[in-house]
Amino acid sequence: MPDSPVERARRIAAEVLIPAAEATDQADLVPTTHLARLADAGLFAVYGPATHGGTPAPGPQVRAVHRVLGGACGVTYFVWAQHQGPVMLLASSPNAELRDRWLPRLCRGEVVGGTAFAHLRRPGPPAVLATPSDGGWRLDGEAPWASSWGRAGVYSVAAFTPDGDVLWVLVEGHPQPGLSASAPLALAVMQATGTVRLRFERFEVPADQVILQLPPDLWWAIDDGISARLNPAVLGVADRALALLGERTAEERGAGVDLGEALGAELGACATRNEALAADADAGSVDLDALADGRAWGIDLAQRAALALLTATGGRGVELASPPQRLVREAAFYAIQAQTRPGRDASLRRAAQAGSAPEEGPPPATEASVAVIGG
Ligand SMILES: Cc1cc2nc3c(=O)[nH]c(=O)nc-3n(C[C@H](O)[C@H](O)[C@H](O)COP(=O)(O)OP(=O)(O)OC[C@H]3O[C@@H](n4cnc5c(N)ncnc54)[C@H](O)[C@@H]3O)c2cc1C
């Protein structure tokens with residue numbers, strides 16, 4: 001494949017994902033044809049090791065792929081992104097047999113992967129507990145989020161052991177004794193990701209299905225370096241909103257304000273800042289507060305860009321066949337996606353920053369203006 005993963009992602013975005021994005025958003029599940037296109041283009045392999053069929057790409061390129069796919073079609077992007085969880089975990093697994101069995105198939109996209117681990121970050125007793133059983137483990141509890149149900153062949157599932165270690169196991173993506181899935185959650189956004197709750201009741205996991213067992217300090221250090229950063233898909237949502245704004249006439253875009261110029265300049269600065277922070281984090285220098293602030297900035301900017309597009313489009317922008325409403329919902333989704341405590345605090349701090357009042361207050365309400373409110 002002579003061209004870069006980013007170029008391949010751009011081509012699929014233009015040819016397949018963007019033209020179908022509104023229909024895909026309303027579908028029950030992401031079409032298998034979308035996933036097949038990504039697989040054929042080698043995009044399921046960008047996190048995989050070369051030893052197992054992967055074509056590892058440098059961090060900036062992989063982040064650019066997230067940005068392109070995230071801006072093209074939120075649900076297809078998210079299913080693709082969740083796949084990378086088991087790929088990365090298997091790549092660093094000491095369980096050679098499990099790795100050799102699944103990793104090449106995952107890299108080829110022959111099997112789609114999913115992951116369920118957000119519950120680790122919730123305060124309180126473990127949502128999923130792993131207790132030793134017959135040389136392996138027994139899982140009990142509920143994983144509140146698992147996307148790609150109905151598409152994913154395997155999931156990396158995380159649980160706490162009684163000692164507080166984080167145990168990662170590989171679980172096949174179908175109901176089986178001790179494992180049941182809820183109906184797909186009815187969601188305001190990302191419906192076609194097939195997101196369910198997974199319930200474990202005395203679910204036996206043989207030792208040969210264990211991917212990794214990590215001491216808590218190591219796990220939290222890894223998680224901080226990953227989850228606090230901005231998901232580049234957020235920048236993709238802003239890109240798409242600005243591109244659509246750019247297609248409108250100056251008059252439609254808004255009264256005397258060049259939104260493309262103003263928001264575009266901010267987007268460039270925000271992307272540069274977050275890329276630098278991500279590169280530092282990749283190199284082992286994790287500045288948690290700066291990452292969380294960078295994440296909050298990106299999320300805020302994507303929301304403003306999507307809302308500006310909706311405002312400029314007008315009422316028909318809320319029709320389900322129209323991109324602005326989808327982009328507004330997707331921008332909102334990223335406010336909570338992979339949300340950790342520092343990320344949540346940074347976003348809420350940003351929300352609490354007082355907006356400025358208009359320079360001159362609004363004119364006092366008259367009988368006539370009151371009469372039209374609600375029109
Ligand atoms: C459509 C969709 C699909 C998803 N798919 C997946 C998936 O496939 N796999 C997966 O693992 N996850 C998935 N998630 C989870 C997602 O990435 C986030 O982790 C999740 O939305 C965060 O929300 P929450 O309700 O779990 O935590 P929140 O309540 O939003 O809390 C976020 C964080 O803030 C902190 N916090 C919250 N409450 C408190 C408190 N009272 N005291 C102190 N700290 C607190 C905790 O660190 C917590 O983890 C999905 C979410 C959605 C909406």
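These legends go with several close-up views of one predicted model. Residue numbers start at 1 along each chain as its sequence is written. Since the model is predicted, local features need pLDDT of at least 70 and side-chain atom pairs count only at pLDDT 80 or more, while totals for chains, interfaces and linings use all residues.

**View 1. The whole chain, for orientation.**
There are 13 helices and 8 strands here; helices (H or I, at least four residues) and strands (E, at least two) are DSSP runs, numbered from the N terminus. The C-alpha trace spans about 75 × 50 × 40 Å along its principal axes. For 375 residues, a compact globule would have a radius of gyration near 21 Å, and the chain's 22 Å agrees with that. That radius is taken over C-alpha atoms, and the globule rule is 2.2 Å times the number of residues to the power 0.38. Of the 375 residues, 43% count as buried. Buried means 20 or more other C-beta atoms within 10 Å of a residue's own, exposed means 12 or fewer, and partly exposed is in between, with C-beta atoms placed from the backbone. If you take contacts between residues at least 6 apart in sequence, 74% join residues at least 24 apart; a contact is a pair of C-beta atoms, placed from the backbone, within 7 Å.

The chain splits into domain 1 (5-214) and domain 2 (218-352), with bounds that come from an automatic or database domain assignment. Their C-alpha centres lie 23 Å apart. Across the boundary, 20 residues of domain 1 are in contact with 23 residues of domain 2. On the domain 1 side, the elements giving two or more residues are α1 (5-26), α3 (59-72) and α4 (74-91). Helix α3 has the largest share of that side, 8 residues. By class, the domain 1 side has 9 nonpolar, 6 polar and 5 charged residues. Here Ala, Val, Leu, Ile, Met, Phe, Trp, Tyr, Cys and Pro count as nonpolar, Asp, Glu, Lys and Arg as charged, and the others, Gly among them, as polar.

**View 2. The shell around the ligand.**
There are 24 residues around the ligand, and A118, R121, W145, S147 and R341 come nearest. A residue gets into this set if its C-beta atom, placed from the backbone, lies within 6 Å of the molecule. β1 (112-116), β3 (136-146) and α12 (341-352) each supply at least two residues of the shell. Sorted by class, the shell has 11 nonpolar, 9 polar and 4 charged residues. Both domain 1 and domain 2 give residues to the shell, so the ligand lies between them.

**View 3. The largest nonpolar core.**
This core has 105 residues, and A238, A241, A302, A305 and A306 touch the most other members. A nonpolar core is a set of buried Ala, Val, Leu, Ile, Met, Phe, Trp, Tyr and Cys residues joined through C-beta atoms within 7 Å. Helix α10 (residues 288-313) gives the most to the core, with 12 residues. Zoom in on A302 and, leaving aside its neighbours within four places in sequence, you'll find contacts with V234, V237, A238, A331 and Y334.

**View 4. V237 and its neighbours.**
V237 is in helix α7 (residues 232-246). With 32 other C-beta atoms within 10 Å, V237 is buried. Not counting residues up to four places away in sequence, V237 touches G70, G71, A302, A306, L327, E330 and A331. For a sense of scale, V237 and E360 are 123 residues apart in sequence and 33 Å apart in space, C-alpha to C-alpha.

**View 5. D293 in its helix.**
D293 belongs to helix α10. This residue is buried, with 23 other C-beta atoms within 10 Å. From C-alpha to C-alpha, D293 and A207 are 40 Å apart in space, and they are 86 residues apart in sequence.

**View 6. Two residues with positive phi.**
Most residues other than glycine have a negative phi. M190 has a positive value, near 65 degrees, and is found in the loop between β6 (179-181) and β7 (196-205). M190 is buried, with 20 other C-beta atoms within 10 Å. A338 also has a positive phi, near 55 degrees, and its place is in the loop between α11 (323-336) and α12. A338 is partly exposed, with 17 other C-beta atoms within 10 Å.

Terms used:
Contact = placed C-beta atoms within 7 Å.
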